[in-house]
Amino acid sequence: MHTIDLFSEHRPFLIRAYSKGELANRYLPYLPIRSALNTLNYWIQTHPTLYARLQEVGYRKKSKFFSPVQVSLIVEALGEP
């Protein structure tokens with residue numbers, strides 16, 4: 001079972017590798033982890049350029065983690081969580 005860190009928005013955000021669930025939780029801390037993941041995936045796939053840029057740096061839907069470069073692209077497109 002995954003837990004939700006309700007205080008994640010109070011920690012400074014660092015560009016580093018994140019699991020998909022961890023990053024989704026940073027953006028959507030009040031949603032259940034599955035809903036947060038689904039929402040983050042939706043944002044990524046529907047953003048005009050983000051999905052293609054992520055693929056250029058090695059992103060795959062089935063990946064479990066975002067690399068620091070991928071996190072930088074996500075933050076650039078969606079803003080800091």
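A salt bridge here is a side-chain nitrogen of Lys or Arg within 4 Å of a carboxyl oxygen of Asp or Glu. Keep in mind that this is a predicted model. How many salt bridges does a search of the whole structure find? Two.

Start with E22 and R16. Their side chains meet in a salt bridge, N to O, at 2.6 Å. Buried or exposed?

Next, E76 and R53. In this salt bridge the closest N and O atoms are 2.8 Å apart. On accessibility, E76 comes out at 56%, and the cut-off for exposed is over 50%, so E76 counts as exposed. R53 has a relative accessible area of 32%, so R53 is partly exposed.

Now the packing. Helix α1 covers residues 20–27, and helix α2 covers residues 33–46. They pack at an angle of about 90°, with their axes 8 Å apart. That makes α1 roughly perpendicular to α2.

Which residues meet there? From α1, we have K20, G21, L23, A24, N25 and Y27. From α2, they meet I33, A36, L37, L40 and W43. By type, the contact of α1 with α2 has eight nonpolar residues, two polar and one charged.

That's my part. Over to you for questions.

Terms used: Residues are numbered from 1 along each chain as its sequence is written. This is a predicted model: local features need pLDDT of at least 70, side-chain atom pairs count only at pLDDT 80 or more; totals for chains, interfaces and linings use all residues. Side-chain values use heavy atoms; hydrogens and water are left out. Buried means under 20% relative accessible area, exposed over 50%, partly exposed in between (1.4 Å probe, protein chains only). Axes are lines fitted to C-alpha atoms, for helices over the stretch in contact, and angles run from 0 to 180 degrees between N-to-C directions. Helices (H or I, at least four residues) and strands (E, at least two) are DSSP runs, numbered from the N terminus. Angles under 35 degrees count as roughly parallel, over 145 as roughly antiparallel, 65 to 115 as roughly perpendicular and the rest as oblique. Contact means heavy atoms within 4.5 Å. Ala, Val, Leu, Ile, Met, Phe, Trp, Tyr, Cys and Pro count as nonpolar, Asp, Glu, Lys and Arg as charged, and the others, Gly among them, as polar.
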